[in-house]
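Me: Hi! Could you walk me through this structure? I'd like to start with the strands.

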Amino acid sequence: MQVLQLLLSGIAQGCIYGLIALGFVLIYKATETVSFAQGELMMLGAFCALAAMTMLGLPFWMAALLAVLVMALLGVLLELVVIRPVLGQPQFAIVMLTIGIGYVMRGVITMVPGIGTDTHTLPVPYKDEVWKLGALVLNVEQMVVVLATAVLCALLFVMFRYSKLGIAMQASSQNQLAAYYMGIPVKRLNSLVWGLAAAVAAIAGMLLAPITFVHANMGFIGLKAFPAAVVGGFGSLPGAIVGGLVIGVVESMAGFYLPDGFKDTAPYIVVLVMLMVKPNGLFGEKLRKKV
């Protein structure tokens, strides 16, 4: 029973990692750029929902919808104003730019008086509720994380499989030049991908907030979502979720059965093992170049 309890906790935490890793993969597939600002976008999404509930007095579900829309718009603006002008530069420069964006976001939040330096509770309607199945105790906050992740993954699957927008995004991710010649608006799609990644990050932030509270440094969880993307395969959307689940379960088990300190290092040990055994990740594709 203890193992099952740890497994459920690890799956819930892994879903958060997987959602953030989805943002990594979406942006990488569209622009071949790694965005290290995903954790901070998640943090901003949680703060947007908190502001909508406490300042505007909106109920949780309306505040969540507003936060997702605001963060999607912010993601589009980031791509238009900050990222697009430097496309074509060395990848290292773009990666450093996304790291800088993350620091700026965190700094802006901490400068807001009475908000940025404090820890806040997101008043969700299911706070501190539990379900009991015999001797098994299910935390409703964790179950909501799992269910919301499953629903979001299903919606993304339907979008990429059946909608014209999703098919165009897939075509652009495979070959931007060929997609452009076929009449697909590649630049507009890149902006939409950044908006989608920011919206997914906002959802992750609102799901995580009832468990770990809302604070300026909650974006550092993105450093554990990056190993999830590597384990699953950086070019695979399903791999991002599976990688997140692997990291979450390993972290949960290591935190209980291993000495102090192993919980934080376990995800990176898993990454090292994966890079040695299967460098492309669980669902990664082998890329070949002809010379």
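Reply: Happy to! Strands β1 (residues 130–133) and β2 (residues 136–139) run antiparallel and are joined by 4 bridges. Strands here are DSSP runs of E, at least two residues, and helices are runs of H or I, at least four, numbered from the N terminus; two strands pair if DSSP finds at least two bridges between them. This is a predicted model, where local features need pLDDT of at least 70 and side-chain atom pairs count only at pLDDT 80 or more, while totals for chains, interfaces and linings use all residues. Residues are numbered from 1 along each chain as its sequence is written, and side-chain values use heavy atoms, leaving out hydrogens and water.

Me: Which residue in β2 is the bridge partner of K132?
Reply: That's V137.

Me: And what about the hairpin of β1 and β2, how many residues sit between the strands?
Reply: There are 2, and G134 takes a positive phi near 65°.

Me: Switching to α4, which of its residues are buried?
Reply: I94, V95, T98, I101, G102, M105, R106 and I109. Buried means under 20% relative accessible area, exposed over 50%, and partly exposed in between (1.4 Å probe, protein chains only).

Me: What's on the other side of α4?
Reply: F92, Y103 and V104, which are exposed there.

Me: And what covers the buried residues of α4?
Reply: The cover includes α2 (38–54), α3 (60–83) and α8 (186–212).

Me: Where is S35, then?
Reply: S35 lies in the loop between α1 (2–31) and α2. S35 is buried, at 0% relative accessible area.

Me: What does S35 touch?
Reply: F24, I27, T98 and W194, not counting residues up to four places away in sequence; contact means heavy atoms within 4.5 Å. T98 is also one of the buried residues of α4.
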